[in-house]
Amino acid sequence: SPAFLAVSSVLYIFVVAQSVALLAGVYQALIIGFDDLKPYGVMVVSSQLMLGVVSLLLAPRFGILGVAVGFLISSLIMFAFTLAYLKIRHGLSLPPNLSLSIGYGIGAVLVFGAVFSRLDFSNPLTTLSGVLLYSMFLLSFLFLLTRQERRQIMQIVANPLRGRI
């Protein structure tokens, strides 16, 4: 819809912020599962307050970009608070490959978003290059998987219907 053109240049920031918020949500579920509801509440409220404060400060000057940055900062704070709490209180640490995958994925979306948000996708060559880069990005994740995980994916690709009917 043409109504979304005004936010198209910052949409990728909202996508990254939502992705980080979803990642934080996974670890928030652990905190809830441990019945640590008060710390969970403090983290959620502080994160939402941060979103409000940063958006109020940045939106008048930067518009929707300020809100996007506020949402990203809020999501990152929630993710960091959640992981720090689980590490301190319950000894949880993320496997290095998982941390690398998360950082790589989020960083790539930020970089590709910044680059492609400024291009004209009515040009077929631009669209094709976007599809090719995205495909290469997806394939690059194979290098972050263990040998067993790559083998499992290859088995699914080789015989997609086996065991699913």
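Guide: The largest pocket has a volume of about 260 Å³. A pocket is found on a 1 Å grid over the protein atoms alone, as an open set of points where a 1.4 Å probe fits, with protein on both sides within 12 Å along at least five of seven lines, and lining residues have an atom within 4 Å of a point. Grid points are joined across faces, edges and corners, and the volume is the space filled by probe spheres set on the points. The model is predicted, so local features need pLDDT of at least 70 and side-chain atom pairs count only at pLDDT 80 or more, while totals for chains, interfaces and linings use all residues. Residues are numbered from 1 along each chain as its sequence is written, and side-chain values use heavy atoms, with hydrogens and water left out.

The lining of the largest pocket consists of F4, V7, S8, L11, Y12, V15, V109, G113, F116, S117, L119 and F121. Nine of these residues are nonpolar, three are polar and none is charged. Here Ala, Val, Leu, Ile, Met, Phe, Trp, Tyr, Cys and Pro count as nonpolar, Asp, Glu, Lys and Arg as charged, and the others, Gly among them, as polar. Helices α1 and α4 (96–116) each supply at least two residues of this lining; helices are DSSP runs of H or I with at least four residues, numbered from the N terminus.

The second largest pocket, of about 180 Å³, has V109, F116 and F121 among its lining residues. Helices α4 and α5 (124–140) each supply at least two residues there, and α5 gives the most, with five. That lining holds nine nonpolar residues, one polar and no charged.

Helix α1 also packs against other helices. The axes of α1 (residues 11–33) and α2 (residues 37–62) come within 8 Å and cross at roughly 150°, axes being lines fitted to C-alpha atoms over the stretch in contact, with angles from 0 to 180 degrees between N-to-C directions. The two helices are therefore roughly antiparallel, a term for angles over 145 degrees, whereas angles under 35 degrees count as roughly parallel. Residues Q28, I31 and I32 in α1 meet L37, Y40, M43 and V44 in α2, contact meaning heavy atoms within 4.5 Å. This contact has six nonpolar residues, one polar and no charged. The axes of α1 and α3 (residues 64–90) come within 8 Å and cross at roughly 25°, and these helices are therefore roughly parallel. Their contact comprises 24 nonpolar, four polar and no charged residues.

Terms used. Parallel < 35°, antiparallel > 145°, perpendicular 65-115°, else oblique.
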